[in-house]
Amino acid sequence: MDAYVPSNFDRSRYLCINASGARRYVFQFGTGGGFGAEVMRLLTAVIQCLCHDHEFVLGRQPPTGFAINSGWVDYFEPVWDEINLPRWAARLNRHEFPLNSLPLARPLARLALSAINRNYLFMFDELPKYSQSHLHGKGIPGNYWAQVKELTDVLWVYNQRVRKAIEQINAPVDLTQPYDAIHVRRGDKITEVPHVPLSRYVDALRESHGMRRIFVATDDSRVVDELRQLLPRHHLFTSPGSIGTGYDQPTFNRLSTEERFNRTVQFIAELEVLRGAGTFIGSSPSNVYYLLRHLRGDRGVIDVGWD
């Protein structure tokens, strides 16, 4: 893997390049999906827009899921312009929207959305793929992972409220000593792929010859006790607010606004601990695994997902 060498690319440089895009790409963030899944879609679209000179903007919509007011700025410092869309347009502006599998549904949806502004691109419009050379031309050196880490670091800036909450949540966790980290996804992920056995995490941990201190992040707190039995010589620790018996998106979306916000901040606080680990072990069926690859620039990441 190429060494990660920071460049002079910064937030102001990104904002300048993004604002100069020839066409606007309108992205809906906070549509009722999982935080990790929606962030990964956003990062992918941001990279593609940057590669091919489109301006990335956010479309406003009624909040749902982890979105409390407008989505991104609920948790992060503002980056992009936000534009108002009619409610019907916000519902159509999806990778997958109601009835999109019917013949002519997408062309008709595109025709309807083009009435808002013919210069806009929308989420079901196919964007050109990532281009390493184009990002080099924007001042971001290195390979793919060096480039996405550089860009993610520029965008991933928490707002003051969330930053303080993360500090409070993680204050009881001793992060002064070296540690490795494991993330285990359970819950509704089984509707997509079988759960990854804990034995795969244990084998990866032993083969990596890593730390004895292991931070465990999971949506099912029962996993921690199971891992303690499998790793009796390791010191396993978790975030003090970690609870649950498996994440389920529809159940989460029905929670109160305050509870959805608090649980999302708890999740983000755990992301920060995973981000700072010496080695991170996760499974590729999970969007958390892919998000951590971006946040870490794919350094010190082990995948125990299904081949």
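Biologist: Which backbone nitrogen does the side chain of Asn 93 reach?

Modeller: That of Met 123, at 2.8 Å. A polar contact here is a pair of N or O atoms within 3.5 Å; within protein, one must be able to donate a hydrogen and the other to accept it, and residues adjacent in sequence count only if both atoms are side-chain atoms. Before we go on: this is a predicted model, where local features need pLDDT of at least 70 and side-chain atom pairs count only at pLDDT 80 or more, while totals for chains, interfaces and linings use all residues. Residues are numbered from 1 along each chain as its sequence is written, and side-chain values use heavy atoms, with hydrogens and water left out.

Biologist: OK. Where does Asn 93 lie, and is it buried or exposed?

Modeller: You'll find Asn 93 in the loop between helix 3 (87–92) and helix 4 (105–114). Helices (H or I, at least four residues) and strands (E, at least two) are DSSP runs, numbered from the N terminus. Asn 93 is buried, at a relative accessible area of 0%. Buried means under 20% relative accessible area, exposed over 50%, and partly exposed in between (1.4 Å probe, protein chains only).

Biologist: And what is Asn 93 in contact with, leaving aside neighbours within four places in sequence?

Modeller: Val 26, Phe 27, Gln 28, Leu 85, Phe 122 and Met 123. Contact means heavy atoms within 4.5 Å.

Biologist: Switching to strand 2, why is it largely enclosed?

Modeller: Because 6 of the 6 residues of strand 2 (residues 54–59) are buried. His 54, Phe 56 and Leu 58 point one way, Glu 55, Val 57 and Gly 59 the other.

Biologist: What does strand 2 pair with?

Modeller: Strand 1 (residues 23–27) pairs with strand 2 in the parallel sense over 5 bridges, with Arg 24 and Glu 55 as bridge partners. From strand 1 the chain goes through helix 2 (residues 35–51) to strand 2, a right-handed β-α-β crossover. Right-handed means that, with the strands pointing away from the viewer, the path from the first strand over the helix to the second runs clockwise. Strand 2 also pairs in parallel with strand 3 (residues 82–83), over 2 bridges, and there Leu 58 stands opposite Glu 82. Pairing needs at least two DSSP bridges between the strands.

Biologist: Last one: what's the phi of Asp 53?

Modeller: Near 60°, a positive value in a residue other than glycine. Asp 53 sits in the loop between helix 2 and strand 2, and counts as partly exposed at 43% relative accessibility.
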